[in-house]
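Dear colleague,

Please find below the structure I promised to pass on, followed by my notes on it. I would be glad if you read the notes with the coordinates open beside them.

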Amino acid sequence: MLDLFVVVSKGGIVLWRKQFAASGAAAVDATVNAAIKDYIIASRRTGIATTDLDDAAFIASNKVKWAFDNTYGLIFLLVHQKALQLHYVDDFIVAARDLFLSQCAKQLRIAFPAQSATQNAADVPVTPKWPSFESFEDVFLELLQSFENNAAAESKRSAPRRFEETNKFATTAEGVKTHPAGVKPQHQIPAPPSPKLLDTPRSPTGKKSPRVSKTTKSPVPPSKPGFVRGQRKWDGSITEAEARTLDYSTPAGDQEGAVEASDLVNEDDLGEITKDGLYDAREMDEPDREPTPDAEELDEESEYDYVDTPPSKTTSSTGILSYFSNMLTRKPLMDADLDPVLAKMSEHLISKNVASDAAQHLSTTIRSALIGTTLPSSFSSLASVVRTQTETAVKRILTPTTSLDVLRDILAVREKRPYSIVFVGVNGVGKSTNLSKVAFWLLMNKLRVLVAACDTFRSGAVEQLRVHVRNLRAVAEQQMRGAAGGLGAGAVELYEKGYGKDSAAIAKEAIAYAAANRFDVVLVDTAGRMQDNEPLMRALAKLVTVNNPDKIIFVGEALVGNEALNQLSKFNAALKDYSGLDQPRQIDGIILSKFDTVDDKVGAALSMTYITGQPILFVGTGQTYTDLRKMNVPSIVRTLLA
């Protein structure tokens, strides 16, 4: 499908245009202007050479094709989305140019009276009274329709032949009747070998083999005594007992198979009630899990506090910068002084799963801060100074610049409308699981939560959310009875429309349903998609554009390294390029899943925050609903530099 076709003179006058895309007209016009300015004018291409047919440019998410006409000095431009593989545009733009020149020849002679085949239209003044080219629209649409129909016919796979059209049909009893007498089928099926040839096999000398019997029969397996084969049923009917055996669906009420609430919530990992009476999740490292102060201080002294004498050849110290712990004289630091230390530091960060681009950014930041400065004292080592600067730079990246208090934002609008949150991410990172953990956190704050099942692609996605909602209801009932400390709980409900539907429409209906039934929060679950899958990324951009959620949360794995930059940058680019808005939405926050599987390789937290500039709201640390923790920045810094 084309977005725009325009005919413009080399003097900049638009003779005729056809806009197909109702939305995004400004973006399409900007694409045309960029193509004319950056490609056509810059290349100074004139003439109708065959090489002009290959002239094209990719600008933003569009592809622009153009062709020239030297007779009147015209430029024909065609714009369509580059994701669409329109193979007919090369021939179409030439056919449309020729059709315009023939159908509008009279108007062109009026518009360019002094024009000839050897003159350039740019050198001739434009006639003030321009004729109308509106009559070209009907023939243009007919031409476009014919090209699209031909393209559709060529792409359509040819239907398989009917059995009656095959040679094998001629060998059947019905097929023999259709052939005239004496006419043989095109392909004869060879007759099976005669049994007599098998009865008397011969030796290589031509004589009969004495070792082979004249008659051979296939052995018949003996029948088992007492075994009676049941009759096969061909009518498709089964007994009521068989139906009950094969029925795995959940009965009404969705109560069968329910688990105990105590299996879903670890009371030891529950958060605490703040002075405002709100439930707050625990941090990653609780005080009872941190090492004792004495042990921590001893560990830091052994790793990072360097003496003012060079290390001996027989002693070795631990720590990432121990190799460079020798003391430098108090002179301005140069690149040669910093290169080995920063290289060691970058290598260490990458080993902690920090993306290489983020590690390089830290090195550049530290180099800029230290170049030309001197060490604080003669007893300071370069390694300790670099470590201090690294701590400062990492804390600056990880410290959020926006508010992390999502609960405050929800409470601010709950009287007016439901607060909507969309969970996005690639396949298999745990979006549905972490959505259910966030739902539990909201339930503990006595909020009414609606879960919208907008993953209409993956088999079992709706059923997975149904199980989570059933379990969360059991937890909510237990909290209402005060079995887990009397914290209280809200309510949760699932909104689903099955599979194969438009996820954007389901999300819109869910938000409207939540507003009508006074839900406080809508959690929208989306299908997992790879960042390079353009159709699915367009669908995600449509969901965000149509519903304009309050938060877009990216769920990413703590196991990724450089892939984190690729995923987040392409998700943000897709939301920007495919939204069609002047101010498109971007990712607002991150949930880092599977954080309990990475040990000390916590670099994904730094990489994701670096590429988006958005905070990490929570980290997932297990499989129960209480395994959702707040990120502890000092703990991340210590782990990265350990």
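Threonine 609 is buried, at a relative accessible area of 5%, where buried means under 20%, exposed over 50% and partly exposed in between (1.4 Å probe, protein chains only). Threonine 609 belongs to helix H18, and beyond four places in sequence it touches Ile397, Leu398, Ile590, Gln614 and Ile616, a contact being a pair of heavy atoms within 4.5 Å.

Before going further, please note that this is a predicted model, in which local features need pLDDT of at least 70 and side-chain atom pairs count only at pLDDT 80 or more, while totals for chains, interfaces and linings use all residues. Residues are numbered from 1 along each chain as its sequence is written, and side-chain values use heavy atoms, with hydrogens and water left out.

The mean pLDDT of the protein chain is 75, and 68% of its residues reach 70 or more; pLDDT is the predictor's confidence in each residue, from 0 to 100. Where pLDDT is low, the predicted coordinates should not be read in detail.

Of the 642 residues in the protein chain, 42% count as buried, and among contacts with a separation of 6 or more, 72% are between residues 24 or more positions apart.

Turning to the sheet, 8 strands form an open, mixed arrangement in the order E10-E9-E11-E8-E12-E13-E14-E15, where two strands pair if DSSP finds at least two bridges between them. Its edges are strand E10 (491-495) and strand E15 (628-629), each of which pairs on one side only. Strand E9 (residues 448-453) runs parallel to E10 and is joined to it by 5 bridges, with valine 451 standing opposite leucine 494 in E10.

Strand E13 (589-593) is mostly covered, with 5 of its 5 residues buried. Gly589, Ile591 and Ser593 point one way from E13, whereas Ile590 and Leu592 point the other way. E13 pairs in the parallel sense with E12 over 5 bridges, and in that pairing the bridge partner of valine 555 is isoleucine 591. The chain crosses from E12 through H17 to E13 in a right-handed β-α-β crossover, right-handed meaning that, with the strands pointing away from the viewer, the path from the first strand over the helix to the second runs clockwise.

E13 also pairs in the parallel sense with E14, over 3 bridges, with isoleucine 590 opposite isoleucine 616 in E14; E13, H18 and E14 likewise make a right-handed β-α-β unit. Helix H17 (residues 563-577) lies across E8, E12 and E13, running at about 155 degrees to E12, whereas helix H18 (residues 603-612) lies across E12, E13 and E14, at about 160 degrees to E13. For these angles, axes are lines fitted to C-alpha atoms, for helices over the stretch in contact, and the angles run from 0 to 180 degrees between N-to-C directions.

The largest nonpolar core has 108 residues, of which Phe423, Phe440, Leu442, Leu523 and Leu592 touch the most other members; such a core is a set of buried Ala, Val, Leu, Ile, Met, Phe, Trp, Tyr and Cys residues joined through side-chain atoms within 4.5 Å. Beyond four places in sequence, the contacts of phenylalanine 423 include Leu523, Ile553, Val555 and Ile591. Apart from this core lies another of 29 residues, among them Val7, Trp16, Phe92 and Phe133.

Finally, some loop residues. Arginine 414, between helix H12 (406-413) and strand E8 (419-424), is partly exposed at 29% relative accessibility and is in contact with Lys446, Leu447 and Asp520, leaving aside neighbours within four places in sequence. Its C-alpha atom is separated by 8.5 Å from that of arginine 518, 104 residues away along the chain. Arginine 518, in the loop between helix H15 (503-516) and strand E11 (521-525), is exposed at 58%, and its phi is near 60 degrees, a positive value in a residue other than glycine. Asparagine 548, in the loop between helix H16 (534-547) and E12, likewise has a positive phi, near 45 degrees.

With best wishes

Technical notes:
Helices (H or I, at least four residues) and strands (E, at least two) are DSSP runs, numbered from the N terminus.
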